Amino acid sequence: MRILRSVRHKACADGSFMKEFLLDGPVTAAFFAYLADFGEVEALPGLGEGFYRFERADWFSIRGMAGDTTVEVRFNRPAMDLTMDFVYALFGLYRDGDPDLAVLKRREQALAERVGKRLHGA
Amino acid sequence: MGVMEPHRPIIYLNNAATTWPKPPEVHEAVNRCLALPPFGSGRTTGTQGEDYITLAREALAGFLGAGPPEHVVFTQNATDSLNLLIQGFLAANGDGCHVLTTALEHNSVLRPLRELERQGRIQLTILPFEDGTVSPATVEAAIRPETRLAVMTHASNVLGSVQDVRAIGRVLEDRGVYFVVDGAQAAGHIPVDLRTLPIDAYAFTGHKALFGIPGTGGFWIRDPEAVAPVRFGGTGSSSCTLLHPRGMPERFEAGTHNYPGLAALAAGAGFVRATGPGAIAAKAERQAAFLVGELRQEPNVVVYNDRPGLPIIAFTVRGMEHEDVGFVLARAYGIVSRTGIHCAPLVHRAIDGGVGCVRLSLSWFTTDDECACAARAVREIARNADPQVGTA
């Protein structure tokens, strides 16, 4: 799955920065299940074709409806420059439901150290 | 039409931010304005160009019952108007006074006043509200000998509650306090007759219930001498002098006007006047009551304003973040709402602990079917948020 472009940007009242991404295909319940490896996923499957929200504290959240080709990503601004690339990786490496988890986990671990150091000094 | 199909019709319920759609008259006015050369003082346009600035001034003065059209000043928006009035009042009257405002205010009032307080130029009291309104007695009790200015909203942009500016204005007038009212939400929704209201200045915006386009607004001022100009420049008049003219409306206007914007504003105000503010208010009241009634039936929905004076419904869904509710409304139902704290942090501090809520806001163009769809959508979301609620 690829991010084609970001279609809307907005600075949010809670200090986060929202980007709406247009994807090359619709998101699915399976995609959000895959994201659960990297954070918390909440699901309300009875709403439309299913509402999902992924949350990685201090990094970003991803909201989406199954079947939709756009998702809303809210970045924690102080770490946005570090985490943006990982968002692209999460989508980009999810190829036909067969993501390379080992690669992503290595990137996640390296990134966690940098984000932690910046936000919490540890 | 399927939920995720592109180009599905939207139900636009974010009219308290900016109204949409606009009346056809507004589209036509903008097109007409752009199709002809601008008319203005000192410009040899010939006979084709319309004097949109004067037309708009007269339209707004008539609509607001404002007396001389020259006392209607055009700005970029209500925030701009309020800044000019607040800063200009201090420029005319000096620093050090006590100022009253309310917890219902938008940041367009709170931030200019807080900034002046931070600079040590004013003392500020923020009055609390009860059931969405600030009582005249609360205002009266807060007045000190050094109180010179009160700035308050005519109607809350979160709760839709309309303030009794007549009664409050009488209290302030008796005590010699200058009264600035923020009419950003009210103008166009409810009848306003400034000739009969004890108000000194009234700020409005073009792009909300007056059906203009963004980038226009203004204020009406009873006594221009009470507020000093704080913006200077070209006016197209008295150009040989290096001092800014003090006559009205040039006293407060500098630089080129937003011609197409003011053409739109005149047409929008004309539309509201022709439709009838009474008819607009009656429809809004009926539709808001319907939505509140529907949402109230859902045990998972918390409605913050039972009897809004403007068609604004503020609510949250238990078990869901307001942003999630807004997202699902948009993506699954095609309903545009507004979530968050709506630039009114003190209102939210009082009603929901500062977390924020979902706001649905209607306009004259909102249909009963759209209200029914919105009610169904919110109730469906609420039932899915916590399936245990309401079941035996």
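The views below come from a predicted model.

**View 1. D58(A), a loop residue with positive phi.** D58(A) sits in the loop that links β4 (51–56) to β5 (60–65) in chain A. Its phi is near 75°, and the residue is not a glycine. Most residues other than glycine have a negative phi. How many C-beta neighbours does D58(A) have inside 10 Å? There are 14, so D58(A) is classed as partly exposed.

**View 2. F211(B), a buried residue with positive phi.** Is F211(B) buried or exposed? It is buried, because 28 other C-beta atoms lie within 10 Å.

**View 3. Cis peptide bonds in chain B.** W20(B) and P21(B) are joined by a cis peptide bond with omega about 0°. P21(B) lies in the loop between β1 (11–12) and α1 (24–35) of chain B. A cis bond also runs from M248(B) to P249(B), with omega near 0°. P249(B) is placed in the loop between β8 (217–221) and α7 (259–275) of chain B. Most peptide bonds are trans.

**View 4. Strand β5(B) and its partners.** β5 of chain B covers residues 147–153, and seven of its seven residues are buried. Which strands pair with β5(B)? Strand β3 (residues 98–102) runs parallel to β5(B) and is joined to it by three bridges. Here L100(B) faces A150(B) of β5(B). Strand β6 (residues 178–182) also pairs with β5(B) in the parallel sense, over five bridges. In this pairing M152(B) is opposite V181(B) of β6(B). From β5(B) the chain passes through helix α6 (residues 165–174) to β6(B), a right-handed β-α-β crossover.

**View 5. Chain B as a whole.** Chain B has eleven helices and 13 strands. Its radius of gyration is 22 Å, close to the 21 Å that the globule rule gives for 392 residues, so chain B is as compact as a globular protein of that length. The C-alpha trace spans about 80 × 55 × 35 Å along its principal axes. Of the 392 residues, 50% count as buried. Among contacts in chain B with a separation of 6 or more, 70% link residues 24 or more positions apart.

Key: Residues are numbered from 1 along each chain as its sequence is written. Chains are lettered from A and ligands numbered from 1 in the order in which they are written. This is a predicted model: local features need pLDDT of at least 70, side-chain atom pairs count only at pLDDT 80 or more; totals for chains, interfaces and linings use all residues. Helices (H or I, at least four residues) and strands (E, at least two) are DSSP runs, numbered from the N terminus. A residue is buried if 20 or more other C-beta atoms lie within 10 Å of its own, exposed if 12 or fewer, and partly exposed in between; C-beta atoms are placed from the backbone. The radius of gyration is taken over C-alpha atoms; the globule rule is 2.2 Å times the number of residues to the power 0.38. Two residues are in contact if their C-beta atoms, placed from the backbone, lie within 7 Å. Two strands pair if DSSP finds at least two bridges between them. A crossover is right-handed if, with the strands pointing away from the viewer, the path from the first strand over the helix to the second runs clockwise.
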